Amino acid sequence: MEFLVKAIVFLPLFAALIAGFAGRAIGDKGAQWVTTLALIASAVLSWIVFFKVGFDGAGGTYRIATWIVSGTFDGAWSVRVDTLTAVMLIVVTTVSAMVHLYSIGYMAEDPSIPRFMAYLSLFTFAMLMLVTADNLVQLFFGWEGVGLASYLLIGFWYDRPSANAAAIKAFLVNRVGDFGFALGIFAVYMMTGSVQFDAIFKLGPELAKQSFMFLGYEVPALTTICILLFIGACGKSAQLGLHTWLPDAMEGPTPVSALIHAATMVTAGVFMVARLSPLFELSPTALAVVTVVGASTAFFAATIGLTQWDIKRVVAYSTCSQLGYMFFACGVGAYGAGIFHLMTHAFFKALLFLGSGSVIHAMHHEQDMRHMGGLKDKIRQTHALMWIGTLSLAGIGIPFILGTGIGFAGFHSKDIILEAAWGAHSGVGFYAFWLGIAGAFMTAFYSCRLMFLTFYGQPHDRHHYEHAHESPAVMLVPLYVLAAGAVVAGIAGYSIFVGHGWEGFWRGAIAMESSKEALHHAHEAPWLVKLLPLVMAVAGILLSWWFYVGSKANLPQLVSATFAPIYRLFYNKWYFDELYDFLFVRPAWWIGRQFWKKGDIGIIDGVGPDGLAAGANRMSGILSRVQSGYLYHYAFAMLIGVAVLVSWYMLSHGR
Amino acid sequence: MSSWPILSLVTFLPLVGAAWILVVCREDETGANNARHAALWTSLITFIVSLALWAKFDPRAAGFQFEERLEWVPAYGISYHMGIDGISMFFVLLSTFLTPLCVLASWTAIEKRVREYMVAFLVLETLMVGMFCALDFVVFYLFFEGVLIPMFLIIGVWGGKDRVYAAFKFFLYTLAGSVLMLLAIIAIYYQVGNTDIVEAMNFKKLTFEWQFWLWLAFFASFAVKVPMWPVHTWLPDAHVQAPTAGSVILAGVLLKMGAYGFLRFSLPIMPLASEYFAPLVFGMSCIAVIYTSLVALVQQDMKKLIAYSSVAHMGFVTIGIFVVNVQGVQGAIFQMLSHGVVSAALFLCVGVVYDRLHTREIADYGGLADNMPRYALVFMVFTMASVGLPGLSGFVGEFLVLTGAFKANTWVGVLAATGMILGAAYALWLYRKVVFGTITRDAVRAMTDMNMREVAVFAPLVLVTLWMGIYPSSFLDMMDASVGKLIADYDAALKAAKATAMLGR
């Protein structure tokens, strides 16, 4: 077991090193296959570990080496495997393996293939370190490691200014989140004297009763810690306020968007909340915050998704919104449901992104949906596969039959989340439920809008249309694999993640008490609640069809003109970028310039050395016209200073 | 072997090399070349000998090791007393590690007066090592001040256009503080009766009033050296004008002298005053972190940007020292070592492109990733180390300092932690402008990637950065006992003072 897990984690690292440093020696092909095969091996091993842990009850923590040890502060390199980790392992390695394979085709014409493959594998390694962490510091290592990989991959085409800007933005906005995360770690260590998960969890109930002084206020310890850590989660998972980097991150190559900015890295925040659920469940306030932020993001991002034209940005906002669902699932205590959705989402969202990539590839790197249209006959397989992803995202299925209903993956996982939100019977729970329902409607609408604009109607760009071609097999195979996941992951996972078998499956990897209650209430939700999400999804699809295919009038234009202010608000992303630019970016540069020109050069140097020099020059001119040595005057001035000090000292302290 | 005066050997070996160069090498091209080789070999041998210190160092012992003591001026209790503990050992190694790299980095960049240049560097090495080993105030002071002379010359003779202004600014700033320190040392002598540092540490009879004034006098000297805000303005000028290797030593070792002084003198000898003044240090340090980070953001000169970032990073160090808990102090020492390596490497990175294009303007570059992929990788490693990415050296120190600071005072922890964000902003901005983008100028397009000599300079730095980031225990374990003793003594002194105060009442 120990060997298996270590192999899973380190195979991608070795592959990255080989592709990165020996890229020239082994060539593009070599780099592609070394990394892809390593990832496939890693994925196979992950599935073995998943079955061993999930069903045979294996697992444990294996130490690799000491890392940062200082006093009682002990962050070790280790791998921890429990059910939560095992789920993340299969999600990360499977999607990553598929993305590696897909990249062989998608990036075939890029001049720096080894670099790209090395970055992808490096990312996977960091992500695996993140999910296998046994303490907060290693979690932070993985956290920042995936941030680095994301930065490098967003800016992969470094000759594009927009890509560079997006890369820096992603890193910095994430750093703002990490600032909160780091403070959370400091606070945990201050209060518990440890950073190791089990030790912290053991002290959780104690912590809930304690308080500490934070910035001059007496604050409840546990709630403050959880909220600080949650700020980190918001950064990584692009939640409201810290979401601005994610849409820009679409500057990166599309496989990157699928792997990092849809399936894995952005879910790290959800993983973190689930991992620390033994702490979160003890703080109702923190959970309420998680719920409200999650629900608001789910709604807010969906509104923007309705109006975007860039095919990747639509999917990006959709990701943002779906992450919101995962968070409010955790917020109402249904951690299992949150992780369930994380898993199904990884499959159908990676599918959608790679499908979009296939479209973009077919269209010769055109991303604007206004230039597409009618592609369904040109790229049939992609078209069919994209529908699977879309229906899964929209949450289509047949409820009530076979006990839990039967449908696409997203149907199962989204419904249980909404039921849990309802079942919480709290103010924030209802808030999340209704925003989630509204979000479900919009999700169905915008994802079908994407389909209709891209694949139906008349082609808008004849030239591109004529040359559109289906992608090679190396790109289609991953799509089929992910599509299989998008179909069956829900049916296969329901019982063990959130159904009858959940206790035997999770076995303490997530907070059991609150999960029990949340799932119990979720299953007891009235049938209307269970039906509503589906009704909304179908309504969204039909309306979308009416807007973009059925109606003869130009409905979208009409609606956007009628509700122009709201449309502009959505289209301009609620003006978050403009606001932040005004509040933070420009002031930082302005203040920096003031500090430099006025502070350093003006005041400090002006009064200090330059002023003294000028003063000494004047003095020397007065005192003596004979001496004019530069150094001499300084020394003289200093001597006087010393003399004054000595005499003053003797006068005040002397006997 | 153990009876060998190994510290003196490490300290004065470079001087032997310097003498050899002066005597043997002539003032022509062959002489210059011989001088280069002689300096390289001398500094390499010194480094290898200094590794013996690490190998033979006993990490469980908190006190000084490899001690040497010779009577010097018995009448005044002055002796030649050397020794190192877990705190100073790594600074000796840092000095001996960086010197050969400096020599190598100056191989072709320095064309005039090569002989004298190499001599200056070897003398500088002796003075740096001696300073970190000295256990007598007079010996310490001589080395501490002596360092100024070769550095002053290196900037003033081999520097850039405004080198004379910068050299004087550097010299006077630092000397101004030092004069006060000399007074303080004299005062300590009158109190203790001799000039032994260890005895001063164990003296423990200084009243608060004495500590108060002594602390300020030492502070004046050390704060300039660190440099702390607002006495930092000499640093950007000195760096910009200094030759590359000068910047390396300046950022790598000389900036550590002030913080080392706080650890060696302020905390052990003046614990009460250290506690009293800690808020002042915190305030200045937090300002340093935020203020200089913002200033770094708007710089147009590569070296100035890195110089300002040094001030910000040293702000973490002074915070860590004065929170006086295990994480803070160990983090501060680690941060100093890491900064010694990383900032040195960053200045060397500037040197690589400066040697090719002879400009430090950020705007003159762009798109180097295209024709200098090796350079792009190396620069990225050190940019990330400077940003504090976990897995590289910068993270460990920064994170430990912040952990310790948060424990001591949440305000300090929070304000200093903003450096995590700002530090990333200017570092990534610099990298983007220099390495990313498209090449627009022919001169830039003609630049060649790093040659083997440059690779040889950077390879050890990259390895050490990774080592420190992945397995910092090699370093933290060595300093554990000494830091533990430092803190225990400090706490005991505060406790004793409180007990006395209670009795008095």
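**Note on the predicted model of chains A and B**

1. In chain B, the axes of helix H1 (residues 6-24) and helix H2 (residues 29-56) come within 9 Å and cross at roughly 175 degrees. Axes are lines fitted to C-alpha atoms, for helices over the stretch in contact, and angles run from 0 to 180 degrees between N-to-C directions. Helices (H or I, at least four residues) are DSSP runs, numbered from the N terminus. H1(B) and H2(B) are therefore roughly antiparallel to each other, a term for angles over 145 degrees. By class, the contact has 15 nonpolar, 4 polar and no charged residues. Here Ala, Val, Leu, Ile, Met, Phe, Trp, Tyr, Cys and Pro count as nonpolar, Asp, Glu, Lys and Arg as charged, and the others, Gly among them, as polar.

2. On the basis of the work: this is a predicted model, in which local features need pLDDT of at least 70, side-chain atom pairs count only at pLDDT 80 or more, and totals for chains, interfaces and linings use all residues. Residues are numbered from 1 along each chain as its sequence is written, chains are lettered from A and ligands numbered from 1 in the order in which they are written, and side-chain values use heavy atoms, with hydrogens and water left out.

3. Helix H14 (residues 311-331) and helix H15 (residues 335-362) of chain A pack at an angle of about 175 degrees, with their axes 9 Å apart. That makes H14(A) roughly antiparallel to H15(A). The residues that meet include A:Val315, A:Gln322 and A:Tyr325 in H14(A) and A:His341, A:Leu352 and A:Phe353 in H15(A). This contact divides into 14 nonpolar, 7 polar and 2 charged residues.

4. The next matter is the interface of the chains. The contact takes 69 residues from chain B and 64 residues from chain A. The two chains bury about 6,000 Å² between them, 76% of it on carbon and sulfur atoms; buried area is the accessible area (1.4 Å probe) that two parts lose on being put together, summed over both. Helix H18 (residues 410-435) of chain B gives the largest share of the side of chain B that touches chain A, 14 residues. That side of chain B divides into 48 nonpolar, 15 polar and 6 charged residues.

5. How many salt bridges does the rule find across the interface of chain B and chain A? The rule finds 0 there, a salt bridge being a side-chain nitrogen of Lys or Arg within 4 Å of a carboxyl oxygen of Asp or Glu. Over all chains, the count comes to 25 salt bridges. One joins the side chains of A:Asp577 and A:Lys169 (2.8 Å, N to O). A:Asp577 lies in helix H26 (residues 576-607) of chain A and A:Lys169 in helix H6 (residues 161-192) of chain A, so the pair ties together parts that are 408 residues apart in sequence.

6. Some backbone details deserve attention. The peptide bond from B:Val226 to B:Pro227 is cis, with omega near -15 degrees, and B:Pro227 lies in the loop between helix H9 (208-225) and helix H10 (234-241) of chain B. The bond from B:Trp229 to B:Pro230 is cis, with omega near 5 degrees; B:Pro230 is in the loop between H9 and H10 of chain B. A:His364 is not a glycine but has a positive phi of about 60 degrees. A:His364 is placed in the loop between H15 and helix H16 (380-394) of chain A.

Terms used:
Contact means heavy atoms within 4.5 Å. Helices (H or I, at least four residues) and strands (E, at least two) are DSSP runs, numbered from the N terminus. Angles under 35 degrees count as roughly parallel, over 145 as roughly antiparallel, 65 to 115 as roughly perpendicular and the rest as oblique.
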